[in-house]
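Here are some friendly notes to read alongside the model. Take them one at a time, with the structure open beside you.

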Amino acid sequence: MVKTKILLSGNEAIAQGAIQAGCSFYAGYPITPQNELIAYMAKYMPTPPGTEAPRVFIQAESELAAISMVYGASAAGARAMTSSSSPGISLKQEGISYIAGARLPAVIVNIMRGGPGLGNIAPSQADYFQATRGGGHGDYRLIVLAPASVQEAYNLTQTAFDLADKYRTPVMILGDGILGQMMEPVQLSGRKIKTGLVKKWALSGCAGRKPNIVKSFFLREGGLEEFNLKLQANYALIKRKEERYESFFLSDAKIILVAYGSMARIAKSAMYQLRSAGKKVGLLRPVSLWPFPQQPFNRRNSKVKYLVLEMSYGQMVEDVRLAVNGKNTVDFFGRSGGGIPSEEQIIGKVRKIYHENI
Amino acid sequence: MTEQIIIAGSGGQGVMLLGKVLAQAAMLEGRQVTWFPAYGAEVRGGTSYCMVIIADQAIGSPYVTAADTLIVLNLPSLEKFKSRLKTKGLLILNSSLAQMSGEDKTGVWQFPFTDIAINLGNIKVANMVALGCYAAAKNIVKVKNILEVFKSIAPAGNSGILEINQRALAEGQKLNKG
């Protein structure tokens with residue numbers, strides 16, 4: 001018998017995953033293509049008065065207000081989340097930097113659309129730099145997770161809350177308009193809604209104990225450097241422990257496609273077509289974009305060639321180049337501004353590399 | 001097996017719902033399925049479409065560039081999408097609002113879905129007449145499963161909605177090519 005699945009869009013699956021992970025505070029502001037996420041939260045977050053573990057939904061007056069509310073809610077111990085799409089995420093950067101600087105957990109969802117500027121509402125992956133390099137000011141990082149299916153969007157959102165609390169850091173779910181809008185069958189986990197999490201550092205009322213302090217402001221001489229070194233130690237730990245990726249046929253591949261999120265689905269279809277035509281092609285799909293998975297690039301034959309595919313004009317390709325560190329050839333193909341590389345284009349590109357080099 | 005379908009019509013004709021019902025029915029059969037909507041500033045009276053892919057193996061892009069089946073409920077959508085139909089693909093056309101003539105008619109199942117719906121007493125169920133026609137034309141989803149989906153989404157306490165959709169589906173199934 002087929003297990004019961006339900007049909008959800010990526011946006012809805014992220015929202016459902018958040019609620020099951022015990023998200024107790026959500027603030028957001030509408031923007032296409034992530035509107036179904038905030039709509040789902042509006043419908044299912046609010047709890048009846050008198051509920052033991054109340055949940056809060058707020059449609060904020062702006063993106064800046066929403067991220068600042070998340071900052072406050074997280075400081076008070078809530079599992080807090082906000083979501084938006086590219087231009088709205090740009091507006092949130094100040095708050096994200098403050099949250100990272102205050103060592104607070106939070107989950108931020110970016111369902112990317114075309115840019116720069118107001119751009120358009122088509123799917124895009126052009127916010128990779130912004131997501132993985134910080135986006136706001138200061139020496140901070142976000143854990144960035146990139147789901148490639150609706151099921152994975154649901155699963156990784158729950159992971160995101162756990163990682164945010166474990167490392168006391170903001171975590172970003174990075175998807176795009178395809179992932180947000182597309183509906184697929186989802187198997188919901190039996191995970192009960194998490195409640196009653198105790199966070200020892202939270203501003204939860206200090207009667208009977210020493211007051212906690214949450215801040216990102218260090219005036220004492222040397223104080224900020226000390227704090228930054230602690231942050232860096234945390235990032236080093238995350239790098240060691242939290243690399244995530246999926247791979248196909250790496251062992252015999254002469255050309256390895258590297259793609260994440262929706263792009264990886266298209267790359268995978270192209271890979272299977274090429275393999276059925278006898279071409280030794282593999283696929284590496286980074287799931288964590290930061291930390292970028294270094295491990296699968298290590299100790300690989302220098303004759304192996306990489307082809308990086310993105311819905312941008314080349315952002316993750318820089319991390320692939322850093323990962324191979326000059327040892328392998330790295331090619332790139334991408335389209336942006338709403339253009340999506342097709343299977344045929346990928347196949348054409350791979351055949352060209354084959355003819356020239358192998 | 002991979003079946004790539006584009007469903008298009010005017011905003012308000014229920015093309016999104018048609019696609020969702022089809023996708024859910026395919027899900028009940030344990031198949032892989034994606035549903036992808038036009039999510040721009042679609043308005044009542046403008047064109048609207050969604051894309052459904054049903055397959056036995058994992059689906060790559062949910063975007064359909066070459067369709068095995070095109071279900072079209074109005075004329076502007078026919079103009080917009082007919083070039084996306086594969087050679088020998090199936091066109092299911094609402095002849096109340098758009099017709100194909102001459103040689104173009106080969107492989108076309110055209111029936112007056114809107115008129116049939118009006119005769120049933122609710123113009124809104126033209127989409128489900130078209131779905132019944134599709135189920136009869138291609139044996140990819142079982143009618144039994146479509147009926148299961150109806151039951152799960154029909155508003156509680158308003159059984160009239162469920163029944164008229166069931167009747168619309170049955171009318172669509174009766175339509176034969178030619």
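Predicted model: local features only at pLDDT ≥ 70, side-chain atom pairs only at ≥ 80, totals over all residues.

1. Residues are numbered from 1 along each chain as its sequence is written, while chains are lettered from A and ligands numbered from 1 in the order in which they are written.

2. Helices (H or I, at least four residues) and strands (E, at least two) are DSSP runs, numbered from the N terminus. Two strands pair if DSSP finds at least two bridges between them.

3. Look next at strand E6 (residues 143–145) and strand E7 (residues 170–176) of chain A: three bridges pair them in the parallel sense. Here A:Ile143 is opposite A:Val171 of E7(A).

4. Chain A is assigned two domains, domain 1 (6–241) and domain 2 (245–357); the bounds come from an automatic or database domain assignment. Taken over C-alpha atoms, the centres of these domains of chain A are 29 Å apart. Their contact takes 26 residues from domain 1 and 22 residues from domain 2 of chain A, where contact means that C-beta atoms, placed from the backbone, lie within 7 Å. On the domain 1 side, H6(A) gives the largest share, four residues.

5. Chain A also has an open sheet of five strands, ordered E9-E11-E10-E13-E14, with mixed pairing. Strand E10 (residues 255–258) and strand E11 (residues 281–286) of chain A run parallel, joined by four bridges, and A:Val258 is opposite A:Leu284 in E11(A). Helix H10 (residues 261–276) of chain A packs on the sheet, touching E9, E10, E11 and E13 of chain A. Helix H11 (residues 316–324) of chain A packs on the sheet too, touching E10, E13 and E14 of chain A.

6. Is A:Asn234 buried, exposed or partly exposed? It counts as partly exposed because it has 15 C-beta neighbours inside 10 Å. The cut-offs are 20 or more other C-beta atoms within 10 Å for buried, 12 or fewer for exposed, and partly exposed in between. A:Asn234 lies in helix H9 (residues 223–241) of chain A. Leaving aside neighbours within four places in sequence, A:Asn234 is in contact with A:Tyr167 and A:Thr169.

7. Finally, chain B. Helix H4 (residues 126–137) of chain B is mostly covered, with 10 of its 12 residues buried, including B:Met128 and B:Leu131. Where the chains meet, 16 residues of chain B are in contact with 19 residues of chain A. E2(B) supplies the largest share of the chain B side, five residues.

Definitions and conventions: Contact = placed C-beta atoms within 7 Å. Axes fitted to C-alpha atoms, helices over the stretch in contact; angles between N-to-C directions.
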